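Biologist: Before we discuss particular contacts, could we settle the terms and then go through the model together?

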Amino acid sequence: MQTQDKFTDKQLSDEQSREIAETIREELARRRISRQALAEQAKLSLSTLEKVLGGRRPFTLATTVRLEQALGVSLRKSAVVVTPPAANDVAPDSLGSYAHRAVTWLEDVYITLRPSFGDKDAIFAYRTEIVWEPKVSALVFREGERTDAAYEHTGEVAVPHQSGFIYLVIIKHGQHRVITVSRPTVAGEMYGIISTLRAGPGSQLTPIAAPIAYVPARNISDPSVGRVTSDHANYKLYRDHLRRTVDESFALFLTA
């Protein structure tokens, strides 16, 4: 027990502490969460968090691990001796080389919201589940409860450390569909852009991009799916989530 305490209380170097503090500040800004909220999630005092972020106290390994678990990202870029996870518990490099235990916070059932491609005044809602798939050693997403069931997709989830965004990717018969979303907010919501093809008359397909939101199903008292119009009880809630994508600059849409 004494050996374990010495290990977890080990102070990191000044360089490592600076790197970790910088990464945490970037995550706080990106996710729009307060230091108080992070301290509570990591079960640390706000005073301790303020001191390590301000460089008045070095990070310890125990503090770093708690913050990594709260944020769901690896904070240690410099070498620290830690037992590596099993090989089948790490995603391939093409998806971000993340360990399963580092992304468990993403595993959930979400209500997915985007504008209806067929009715400009309606919102299209469906269910998306994100889970770890041992067969591919990565997170995968599975869509369901779509009124256009023929277009339900399953794909892989990339979580690269460099960009700080999450990518839901489908590559099928050479066709690509990519959804780029922010890391989850404190409430677990993710906002971003879907880039796909819209089905037109006959065999016509048109490239299209639109805002998209992933809201944990548990955050909605009575989640509904399908084409949600202005007379539906959930319309305002769904519309507010979609508007947040642009209003809070989770994504930008530029015109020529």
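Modeller: A residue is called buried when its relative accessible area is under 20% and exposed when that area is over 50%, with partly exposed in between. Please keep in mind that this is a predicted model.

Biologist: On that scale, is Arg 177 buried or exposed?

Modeller: Arg 177 has a relative accessible area of 7%, so Arg 177 is buried.

Biologist: Which residue forms a salt bridge with Arg 177?

Modeller: The partner is Glu 143, and the closest N and O atoms are 2.4 Å apart. Glu 143 lies in strand β3 and Arg 177 in strand β6, so the pair ties together parts that are 34 residues apart in sequence. Glu 143 is likewise buried, with a relative accessible area of 7%.

Biologist: Which residues are linked with this pair in a network of salt bridges?

Modeller: The network links Glu 143, Arg 146, Asp 148 and Arg 177. Within it, Asp 148 bridges to Arg 146, with the closest N and O atoms 2.9 Å apart. Arg 146 is buried at 9%, whereas Asp 148 counts as partly exposed at 24% relative accessibility.

Biologist: And how many salt bridges are found in the whole structure?

Modeller: The search finds 12. Another of interest is that between Arg 142 and Glu 133, where the closest N and O atoms are 3.0 Å apart. Arg 142 is partly exposed at 31% relative accessibility, while Glu 133 is buried at 18%.

Biologist: What does Leu 139 touch?

Modeller: Leaving aside residues up to four places away in sequence, Leu 139 touches Tyr 98, Val 103, Leu 106, Glu 107, Ile 130, Val 131, Trp 132, Glu 156, Val 157 and Val 159.

Biologist: How many bridges pair β5 and β6?

Modeller: They pair in the antiparallel sense over seven bridges. The two strands form a hairpin with two residues between them, and His 173 in the turn has a positive phi of about 55°.

Biologist: One last topic: which residues of helix α6 are buried?

Modeller: They are Tyr 235, Tyr 238, His 241, Leu 242 and Thr 245. Their arc around the axis is only 140°, which puts them on the same side of α6. Lys 236 and Asp 247, on the other side, are exposed.

Biologist: What do the buried residues of α6 pack against?

Modeller: They pack against β1 (108–115), β2, β7, β8 and β9 (226–228). The helix itself, residues 235–247, has 13 residues and reaches 18 Å from its first C-alpha to its last, close to the 18 Å expected. Ser 249 follows α6 and has a positive phi, near 60°.

Terms used:
Residues are numbered from 1 along each chain as its sequence is written. This is a predicted model: local features need pLDDT of at least 70, side-chain atom pairs count only at pLDDT 80 or more; totals for chains, interfaces and linings use all residues. Side-chain values use heavy atoms; hydrogens and water are left out. Contact means heavy atoms within 4.5 Å. A salt bridge is a side-chain nitrogen of Lys or Arg within 4 Å of a carboxyl oxygen of Asp or Glu. Buried means under 20% relative accessible area, exposed over 50%, partly exposed in between (1.4 Å probe, protein chains only). Helices (H or I, at least four residues) and strands (E, at least two) are DSSP runs, numbered from the N terminus. Two strands pair if DSSP finds at least two bridges between them. The expected span of a helix is 1.5 Å times one less than its number of residues. The arc is that of the directions from the helix axis to the C-beta atoms.
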